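Dear colleague,

I am handing over the structure below, and my notes on it follow. Please read them with the model open beside you.

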Amino acid sequence: MSLDPVVSVVLVSYNTRELTLKNLAGLQAGTAVPIEIIVVDNASTDNSAAAIGHAYPEVRVLRQPTNVGFGNAVNLGAAQATGRWILLINPDTEPVGDVIRTLVEFAGSHPEHRIYTGRTLRADHTDDGHSVHALPSLWGYVCFATGLSSLRRRSPLFNPDELPGLDRAIGGEVPAVSGCLLLIDRPLWQQLGGFTPDYFMYSEDIDLSARARELGARPVLVPEAQLLHVGGAASSTVNKRIMVLRGKTTFVRLRWSPGRARLARLLLSAGVLLRATAGAGWRDVWRQRATWLDGWPAPTGAPVIPSQSSPAAHSSAPTRSVSQP
């Protein structure tokens, strides 16, 4: 590792030992850019932290005694960063070529964007559509409530959340980027204060992008930067849908007026109820609506950054893949 890293790579590990080890091997062997790697382990029970520390003693491992969620774990890791850029990357991914160099070189030539992402690919190397997002809108929630976003999934008008009109092979400016693959100017990260701590998981990256845009950032998709999203770190479909919905309702609670947020929650509820009439999984989500309607609870205290001087130390938070409910 370089004593003067250009990029600080932050990964969040949660019971993803083998995936994380494979990811670290690919990152270190696959880039010519001086990097440092910080892994935040979210109280994994699969011996992830010890295995990473043993295999990669140069990697800084922050072990959290409890699971503090994705965004808060990233905040802990980023607080230790010394590189010019901070790169967030999911452990259940594999780089296709030198993804770090591709992003950094583009950022160096186009510094006005300040936030960058690439393409996340399925096993067959088709784009999985999850590296970029739309910003939430009432129209998008109307489309979800009426089922139009599912019936007309390829329509930019009726499925605005998934950006079906965006040619990901060409790239360009996008409303928001995913925390699965996110390169950000470290001064901007510090100015934003990192991820808003209210989010345990999901929508924290949309929130960050929205706040960054207010400061003049222009998030951009760089199509040549690619990751193979191998997966394998997922929760159940029902649990994931509930967490995604909690992220969405947290966003509107924090960023929209009370009246607009209340309407958004009603539309989300209508969309879930509509889908519950056709699918058992959605019926379970509907039954648990009291869990997700109010979003994630406000944090009661900041997670503690472990004191440590050697690379192998401490951390906590689940990994996440981005999907719509």
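Helix α10 passes helix α11 in a left-handed crossing, a crossing being left-handed if the near helix is turned anticlockwise from the far one by less than a right angle, and right-handed if clockwise. This is a predicted model, in which local features need pLDDT of at least 70 and side-chain atom pairs count only at pLDDT 80 or more, while totals for chains, interfaces and linings use all residues. Residues are numbered from 1 along each chain as its sequence is written, and side-chain values use heavy atoms, with hydrogens and water left out.

The axes of α10 and α11 (residues 280–287) come within 7 Å and cross at roughly 140°, which makes α10 oblique to α11. Axes here are lines fitted to C-alpha atoms, for helices over the stretch in contact, and angles run from 0 to 180 degrees between N-to-C directions; those under 35 degrees count as roughly parallel, over 145 as roughly antiparallel, 65 to 115 as roughly perpendicular and the rest as oblique. Helices (H or I, at least four residues) and strands (E, at least two) are DSSP runs, numbered from the N terminus. Where the two helices are in contact (heavy atoms within 4.5 Å), S269, V272, L273, R275 and A276 of α10 meet W282, R283, V285 and W286 of α11.

On α9 (residues 237–255) and α10 (residues 258–276), the axes come within 9 Å and cross at roughly 160°, and these helices are therefore roughly antiparallel to each other. Their crossing is right-handed. From α9 the contact takes in L245, K248, T249, V252 and R253, and from α10 A261, A264, R265, L268 and V272.

Helix α3 (residues 70–78) is mostly covered, with nine of its nine residues buried, where buried means under 20% relative accessible area, exposed over 50% and partly exposed in between (1.4 Å probe, protein chains only). The buried residues of α3 pack against the strands β1 (7–13), β2 (35–41), β3 (60–63) and β4 (85–89), as well as against the helices α7 (186–192) and α8 (204–214).

For the chain as a whole, there are 12 helices and 12 strands, and buried residues make up 54% of the 325 residues. Among contacts with a separation of 6 or more, 81% are between residues 24 or more positions apart.

With best wishes
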